[in-house]
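Open the model in your viewer and show it as a cartoon. The tour below goes from selection to selection.

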Amino acid sequence: MTVFKTFLKIVNKYKATIIMYTVILVAFAAFNMQTSEDSSTFVASKPDVLIINKDVEVGLTRKFSKIHKRQ
């Protein structure tokens, strides 16, 4: 019972702060629910990649650029 009483004291002390955060959370949730459904579509695409190799093409760099050129 001691823990519960202490918890209630803390809640009563910070009641305004708890209410403010709850109102802000509900406002953000309501705003999020009102977004349009058009923004939820997904289109898969491959980005363009540019490789600038200022080193000698040996080992890993050569293999990486060859793999990238094939795709």
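Start by coloring by confidence. This is a predicted model. The mean pLDDT of the protein chain is 82, and 83% of its residues reach 70 or more.

Now select the elements. How many helices and strands are there in the protein chain? The protein chain has 3 helices and 0 strands. Along the sequence the pattern reads α-α-α.

Select helix H1, residues 2-13. Among the elements of the protein chain, H1 has the highest mean pLDDT, at 95. Then jump to helix H3, residues 60-70. Helix H3 has the lowest mean pLDDT of the elements, 69.

Met1 sits in the segment before helix H1. Is Met1 buried or exposed? Its relative accessibility is 73%, so Met1 counts as exposed, the cut-off being over 50%.

Together with Met1, they make a nonpolar surface patch of about 460 Å².

Finally, show the surface of the whole chain. The protein chain exposes about 7400 Å². Carbon and sulfur atoms supply 66% of that area. Of the 71 residues, 1% count as buried.

How values were computed: Residues are numbered from 1 along each chain as its sequence is written. This is a predicted model: local features need pLDDT of at least 70, side-chain atom pairs count only at pLDDT 80 or more; totals for chains, interfaces and linings use all residues. Side-chain values use heavy atoms; hydrogens and water are left out. Helices (H or I, at least four residues) and strands (E, at least two) are DSSP runs, numbered from the N terminus. Buried means under 20% relative accessible area, exposed over 50%, partly exposed in between (1.4 Å probe, protein chains only). Accessible areas come from the Shrake-Rupley method with a 1.4 Å probe; for residues, only the protein chains shown count as cover. Patches are made of residues with over 30% relative accessible area and no salt bridge: like charges are joined within 9 Å, nonpolar side chains (Val, Leu, Ile, Met, Phe, Trp, Tyr) within 5 Å. A salt bridge is a side-chain nitrogen of Lys or Arg within 4 Å of a carboxyl oxygen of Asp or Glu. pLDDT is the predictor's confidence in each residue, from 0 to 100.
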